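Colleague: I would like to learn how to read a structure like this one. Could you walk me through a few features?

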Amino acid sequence: MTVEAIRKVGVLGCGLMGAGIAQVAATAGYPTVVKEVGEEFLKKGMAGIEKSLAKFVEKGTLTIEQRSETLARLKGTTKFEDLADCDIVIEAITENLQTKRETFAAIDGIVKPTSIFASNTSSLVITEMMTATKRVDRFIGMHFFNPVPLMKLVEIVGTITTSSDVLDLTMKFGASLGKVPIRTSDRSGFIVNRLLVPYLLDAIRALEEGVGSVEDIDKGMKLGCGYPMGPFTLLDFVGLETTYYIANIMYEEFREKRFAPPPLLKRLVLAGHHGRKTGRGFYDHQDPANPKPLF
Ligand code: CAA
């Protein structure tokens, strides 16, 4: 069931997260427009959406008609103007504060003033983005998880100026996307990354200290604790450069050792070994179905 006050959804960015968010919005029944900087990025994002929808059809969780209806509700664009009449715009562009501030400032004068602006940032401060706009009461965080079409959670982040109506509406909107929304405050990492990031960094420290191999530490958490992926598989899945970036922001915010990126993570990032996306991280992913541990 869609939320009545939201008639059209805008998404900024059609990368992994933006494409996933656009996909779940369109699947839930919302006319959705997704904006990218160039046609090539749009094409790539849309291809990912079609692939994911095809998987759901294959599994029988989506009918062929539902897939066609979803795709018909989705529109790609390279123009900010196409977001003008959206009731909510969710930003999922690159994790760079300055770029995000510039983007929000640019759309603030284009998108109708009643629209809600949401950021999918995983670690940047929402308040710092919000001040680039004049709608500080209608600005919020909506943090989704990778892969967005499968992960059930969305963190809803209120700032000290977010109105309670906007918070309530965004919670309902999150639920209408088939997600379970949880409320959190504007502190770097919110709930999940505050707990997840130190855990991932600790796994790297354990490896550095010789506590166990990549494979054994992964097996330990997967089979001993029932986690769907061990920490190194997850690190390679999320991207080592992403984890490094988030850890640095959290370290800067809290100045606590547990958020400090370990030297091995830094070295792998510097070497360009970012995990699955570059074919190498803690595992060699040349054969994606059979990753080989490298440590
Ligand atoms: N769309 C549709 N279907 C998809 C899909 C997608 N994008 N990705 C995978 N699937 C399907 C697969 O095709 C597969 O289907 P079958 O069962 O028919 O084979 C099914 O989902 C399960 O996938 P896999 O067999 O490949 O692997 P899995 O059973 O391990 O499940 C997973 C995959 C759901 C990702 C699971 O491993 C998992 O939950 N992992 C943890 C992910 C996680 O922690 N994500 C959060 C990252 S942190 C983050 O996002 C926040 C941040 O700020 C950094």
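Modeller: Gladly! Let us begin with an idea we will need: a polar contact is a pair of N or O atoms within 3.5 Å. Keep in mind that this is a predicted model.

Colleague: Thanks. Which backbone nitrogen does the side chain of glutamate 36 reach?

Modeller: The backbone nitrogen of cysteine 14, at 2.9 Å. Glutamate 36 itself sits in the loop that links strand S2 (32-35) to helix H2 (39-59).

Colleague: Is glutamate 36 buried or exposed, and what is the nearest side chain of opposite charge?

Modeller: Glutamate 36 is buried and has no salt bridge. The nearest side chain of opposite charge belongs to lysine 35, 6.5 Å away. For a salt bridge, a side-chain nitrogen of Lys or Arg must lie within 4 Å of a carboxyl oxygen of Asp or Glu. Setting aside neighbours within four places in sequence, the contacts of glutamate 36 include Gly13, Cys14, Phe41 and Thr77.

Colleague: Now the ligand. Which residues come nearest to it?

Modeller: Of the 18 residues around the ligand, the nearest are Ser52, Ser122, His143, Asn146 and Asn193. In the side chain of serine 52, an N or O atom is 2.6 Å from a nitrogen atom of the ligand. Asparagine 193 has a polar side-chain atom 2.9 Å from a ligand oxygen, and for lysine 59 the corresponding distance to an oxygen atom of the ligand is 3.3 Å.

Colleague: How much of the ligand does the protein bury?

Modeller: Taken alone, the ligand exposes 1000 Å², and the protein buries 63% of that. H2 gives the most, with 4 residues.

Colleague: Back to salt bridges: how many are there in the whole structure?

Modeller: A search finds 12. One of them joins aspartate 87 and arginine 7, at 3.5 Å from N to O. Aspartate 87 is in the loop between strand S3 (74-77) and strand S4 (88-91), and arginine 7 is in the segment before strand S1 (9-12), so the pair ties together parts 80 residues apart in sequence.

Colleague: Why does aspartate 87 count as buried?

Modeller: Because its relative accessibility is 8%, and buried means under 20%. Arginine 7, at 52%, counts as exposed.

Colleague: What about the salt bridge between lysine 100 and glutamate 95?

Modeller: Their side chains meet at 2.9 Å, N to O. Lysine 100 is buried, with a relative accessible area of 0%, while glutamate 95 is partly exposed at 22%.

Technical notes
Residues are numbered from 1 along each chain as its sequence is written. This is a predicted model: local features need pLDDT of at least 70, side-chain atom pairs count only at pLDDT 80 or more; totals for chains, interfaces and linings use all residues. Side-chain values use heavy atoms; hydrogens and water are left out. Helices (H or I, at least four residues) and strands (E, at least two) are DSSP runs, numbered from the N terminus. Buried means under 20% relative accessible area, exposed over 50%, partly exposed in between (1.4 Å probe, protein chains only). Lys and Arg count as positive and Asp and Glu as negative; His and the chain ends are not counted. A polar contact is a pair of N or O atoms within 3.5 Å; within protein, one must be able to donate a hydrogen and the other to accept it, and residues adjacent in sequence count only if both atoms are side-chain atoms. Contact means heavy atoms within 4.5 Å. A residue is near a molecule or strand if one of its heavy atoms lies within 4 Å of it. Accessible areas come from the Shrake-Rupley method with a 1.4 Å probe; for residues, only the protein chains shown count as cover.
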